[in-house]
Amino acid sequence: MKIGVIGAGRIGGNAARLFVAAGHEALLSFSRDQSRLEAAAAELGPRARAGTVAEAAAFGDVVFLSVPWTQVEAVLAEAGPLDGKIVIDTTNQFGREGWQALPGGATAAQLNQSRIPGARLVKSFNTLTAAFQASEAGRPAEQRVVLFMAGDDAEAKKVVADLIDDAGFTAVDLGGLADAAPLEAPRRPGALYGEEYRPAEAEAAVAALRAGRPLPPTPDYAAGA
Ligand SMILES: NC(=O)c1ccc[n+]([C@@H]2O[C@H](COP(=O)([O-])OP(=O)(O)OC[C@H]3O[C@@H](n4cnc5c(N)ncnc54)[C@H](OP(=O)(O)O)[C@@H]3O)[C@@H](O)[C@H]2O)c1
């Protein structure tokens with residue numbers, strides 16, 4: 001697939017590396033230093049190149065949005081039309097003052113979808129640190145790290161689930177954008193955000209959330225769970 005990366009930093013740069021290693025093409029964009037972007041793309045080899053935000057948006061069958069929360073509105077304006085595009089939204093709502101509550105009880109994913117109403121937004125790649133995602137991709141099946149996702153478009157989620165698999169993780173679907181709160185910041189009791197889950201425990205956690213039951217205890221794999 002063609003993947004337009006908007007924000008090739010810690011999360012976006014690592015995802016681009018994993019996607020390209022799996023055979024996809026990537027166009028990296030959005031930097032205060034275009035030469036850094038060129039170098040990052042060159043490092044990924046012939047299936048990657050650098051360009052502008054608008055070029056990444058036009059190039060991608062999938063657009064990987066991975067910029068600081070404070071930059072989202074401006075970068076989407078720069079991107080131009082995203083109608084029909086699958087947008088993987090990795091952003092967490094941390095502003096200059098730290099975590100931000102959102103107006104009207106909306107999830108961050110809903111807020112971003114409202115900024116690009118024609119896009120098919122899937123929230124994912126946002127619950128675990130970039131360092132963890134970089135070091136733990138590609139584990140054997142039962143130990144695979146889960147990347148939760150949420151979105152309102154079932155076909156888009158299927159495409160994103162395949163990309164998550166290609167990147168060396170397992171996708172677990174939490175539900176629609178209105179259900180995304182447990183996978184959004186901050187880390188807190190009763191949420192999935194910030195926690196390592198493997199497939200079996202992730203499915204049990206999602207089943208509990210869907211049934212309105214409290215989450216089972218957070219898995220502690222270091223202790224041999
Ligand atoms: N880091 C994590 O562990 C983590 C985990 C989960 C989710 N997230 C979320 O994923 C998103 C990206 O996080 P990240 O840690 O990958 O960020 P990052 O490493 O700082 O990357 C941000 C990207 O945006 C670019 N950028 C262009 N203009 C910018 C500006 N004015 N200010 C800041 N950056 C600018 C940066 O390029 P230049 O630096 O070359 O300018 C960089 O490629 C955020 O919404 C974050 O909350 C982060």
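**Entry 1: threonine 127**

I began with threonine 127, which lies in the loop between S8 and H6. The model is a predicted one, so everything I note here is computed from its atoms. Is threonine 127 buried or exposed? Its relative accessibility is 4%, so I put threonine 127 down as buried, the cut-off being under 20%. Next I listed what threonine 127 touches, setting aside residues up to four places away in sequence: Leu183, Tyr193, Gly194 and Glu195.

I checked its backbone and found a positive phi of about 60 degrees, although phenylalanine 125 is not a glycine. Its relative accessibility of 1% makes phenylalanine 125 buried.

**Entry 2: aromatic pairs**

I then searched the whole structure for aromatic pairs and got four. One of them joins phenylalanine 19 and phenylalanine 125; the ring centres are 5.9 Å apart, the planes make 75 degrees, and the pair is edge-to-face. Where do the two partners sit in the chain? Phenylalanine 19 belongs to helix H1 (residues 10-21), while phenylalanine 125 is in the loop between strand S8 (120-123) and helix H6 (130-136), so the pair links distant parts of the chain, 106 residues apart. Phenylalanine 19 is buried as well, at 1% relative accessibility.

One more note on rings: ring pairs join Phe19, Phe64 and Phe125 into a cluster.

**Entry 3: arginines over rings**

I looked for charges sitting over aromatic rings. The charged end of arginine 115 sits over the ring of tryptophan 69, at 5.3 Å from its centre. Arginine 198 lies over the face of tyrosine 221, and here the distance to the ring centre is 3.9 Å.

**Entry 4: nonpolar cores**

Which members of the largest nonpolar core touch the most other members? They are Ile6, Leu65, Leu82, Phe148 and Tyr197, out of 36 residues. The elements that give two or more residues to this core are helix H3 (53-59), strand S4 (62-65), helix H4 (72-79), helix H5 (108-115), S9, S10 and H8. There is a second, separate core of 33 residues, with Ala8, Ile11, Val20 and Val145 among them.

Leaving aside neighbours within four places in sequence, leucine 65 is in contact with residues including Ile6, Val72, Val75, Leu76, Val87 and Ile88. Asp89, Thr90 and Thr91 are also among the contacts of leucine 65.

Which peptide bond did I note as cis? The bond from alanine 185 to proline 186 is cis, with omega near 0 degrees. Proline 186 has its place in the loop between S10 and H8.

Phenylalanine 30 has a positive phi of about 80 degrees and is not a glycine. I found phenylalanine 30 in the loop between strand S2 (25-29) and helix H2 (34-44). Phenylalanine 30 counts as partly exposed, at 25% relative accessibility.

**Entry 5: the chain as a whole**

The secondary structure comes to eight helices and 10 strands. The radius of gyration is 17 Å, which agrees with the value near 17 Å for a compact globule of 225 residues. Along the principal axes, the C-alpha atoms fill a box of roughly 45 × 40 × 35 Å. Of the 225 residues, 50% are buried. The chain exposes about 10100 Å², and carbon and sulfur atoms supply 52% of that. Among contacts between residues at least 6 apart in sequence, 65% join residues at least 24 apart.

Methods
Residues are numbered from 1 along each chain as its sequence is written. This is a predicted model: local features need pLDDT of at least 70, side-chain atom pairs count only at pLDDT 80 or more; totals for chains, interfaces and linings use all residues. Side-chain values use heavy atoms; hydrogens and water are left out. Rings of Phe, Tyr and Trp (its six-membered ring) pair if their centres lie within 6.5 Å; planes under 30 degrees apart count as stacked, over 60 as edge-to-face and the rest as tilted. Helices (H or I, at least four residues) and strands (E, at least two) are DSSP runs, numbered from the N terminus. Buried means under 20% relative accessible area, exposed over 50%, partly exposed in between (1.4 Å probe, protein chains only). A charge sits over a ring if NZ of Lys or CZ of Arg is within 6 Å of the ring centre and within 35 degrees of the ring normal. The radius of gyration is taken over C-alpha atoms; the globule rule is 2.2 Å times the number of residues to the power 0.38. Contact means heavy atoms within 4.5 Å. Accessible areas come from the Shrake-Rupley method with a 1.4 Å probe; for residues, only the protein chains shown count as cover. A nonpolar core is a set of buried Ala, Val, Leu, Ile, Met, Phe, Trp, Tyr and Cys residues joined through side-chain atoms within 4.5 Å.
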